[in-house]
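Reader: Hey, can you walk me through this one? I'm new to reading structures.

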Amino acid sequence: MPRGSKPGERRGGRQRGTPNKRTALKKAALSAAAADPTTTPLQFLLGVMRDPKAPTELRVQVARAAAPLVHGKLKIASVEDRAGNASNVGGPDGFTIDIADAKALRDIEHRLAVLLRRRYAPSENGGPLTDAEIVEEYELGSLFGKRAAALVCPPGYGSGDAVNDCNRLHQLNCKRLSPPSCGGGELKGADDEEEAFLTARVAAFRHSQEGRDRRRMLALKLKGIGGCRSPEEQKELDHLKVVYPEGPSESALPKAIELKLSSLGN
C-alpha cells in the first residue's frame with residue numbers, strides 16, 4: 001500500500017520553482033526576440049498572436065495590443081475636438097443628434113462593412129481576416145452597439161421612415177462609388193453630413209424597442225421558411241404582427257433592405 005505524503009512533501013504536479021506554461025512561453029518568445037535584433041515590437045506581437053502553442057487568452061490580449069499598430073486607431077471625435085464646433089442636427093421626426101457623434105458612428109459602420117466583406121468574400125477583398133482584424137471587428141461592433149443604444153429614437157420615427165432613410169443611404173453610397181466625371185467620389189459638405197445623420201437615425205431605430213421587435217419578427221419569418229418554427233414561436237410572431245402591423249410598403253420590402261435593418265446591432 002502506498003503511504004501518504006509527509007507534512008510538506010509534494011507528490012506529482014509542477015515542482016516548486018518550475019515555471020508554468022504561460023511563463024515558459026513568454027520567456028521563449030522574449031528569447032526569440034532577443035536573438036534577432038531586427039525584430040520590431042509589431043513583429044514580436046504578431047509572432048505571439050500567431051503561435052498556436054500560446055494560450056488563447058494571451059493571444060487575444062496580444063492581438064488587441066497589435067490591432068492599433070496594424071490599422072491605426074479609428075478617430076473618434078472627443079469633447080475637446082468638438083469644442084466650439086459642435087452642432088446638433090434635428091429633423092422633422094424629433095431627432096436631435098450631435099453631428100460629430102453621427103459621423104463617428106458612420107465611420108465605425110463603414111469600417112465594419114469593410115471587415116464584413118473581407119470575412120465573407122476574402123478572395124475578392126484582400127484575403128481572410130487576420131487575428132488582429134477579428135479582434136478589431138468584435139470591438140468595433142461592441143462600440144457601435146453602445147453608441148447606437150445611447151441614441152433616443154423619438155415616437156414619431158417608425159419602420160417606414162427607417163426604410164426611406166436606408167433607400168437614401170443607398171443613393172448616397174452609389175454616388176460615392178460613381179466616377180468623379182459623373183459627380184461621384186467621396187461625399188463632402190451637405191452629402192457627408194446627411195449620410196452621417198441618416199446612419200445615426202437608422203441605428204437608433206434598430207436599437208429601439210420597435211426595432212428589436214421587428215428584427216425578431218424577421219428572424220421568425222425566416223425560420224418559418226424551412227418549416228422550423230415551433231408553435232410557441234408562431235404564437236409570438238402572430239402577437240408581434242398585431243403590435244406592428246405591416247403596411248403595403250413594408251410587405252413589399254426588398255430583401256436587401258430587410259437584411260440592412262437586421263444586420264448591425266443585434
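Reader: So, is Cys166 buried or exposed?

Author: Keep in mind that this is a predicted model. Cys166 has a relative accessible area of 7%, and the cut-off for buried is under 20%, so Cys166 counts as buried.

Reader: And what about Cys174, buried, exposed or partly exposed?

Author: Cys174 is partly exposed, with a relative accessibility of 35%.

Reader: New topic: rings. How many aromatic pairs are there?

Author: Two aromatic pairs. In one of them, Phe95 and Tyr157 sit edge-to-face, 5.0 Å centre to centre with 85° between the planes. Phe95 is in the loop between strands S1 and S2, while Tyr157 is in the loop between helices H6 and H7, 62 residues apart.

Reader: What does Tyr157 do with Phe205, then?

Author: Their ring centres are 5.9 Å apart and the planes are at 65°, so that pair is edge-to-face. Phe205 lies in helix H8, so the pair ties together parts 48 residues apart in sequence. Ring pairs link Phe95, Tyr157 and Phe205 into a cluster. Phe95 and Tyr157 are buried, and Phe205 is buried too.

Reader: What's going on at the start of H5?

Author: A side-chain oxygen of Asp98 comes within 2.9 Å of the backbone nitrogen of Ala100. Ala100 is one of the buried residues in H5, and others among them are Ile99, Arg106 and Glu109.

Conventions
Residues are numbered from 1 along each chain as its sequence is written. This is a predicted model: local features need pLDDT of at least 70, side-chain atom pairs count only at pLDDT 80 or more; totals for chains, interfaces and linings use all residues. Side-chain values use heavy atoms; hydrogens and water are left out. Buried means under 20% relative accessible area, exposed over 50%, partly exposed in between (1.4 Å probe, protein chains only). Helices (H or I, at least four residues) and strands (E, at least two) are DSSP runs, numbered from the N terminus. A polar contact is a pair of N or O atoms within 3.5 Å; within protein, one must be able to donate a hydrogen and the other to accept it, and residues adjacent in sequence count only if both atoms are side-chain atoms. Rings of Phe, Tyr and Trp (its six-membered ring) pair if their centres lie within 6.5 Å; planes under 30 degrees apart count as stacked, over 60 as edge-to-face and the rest as tilted.
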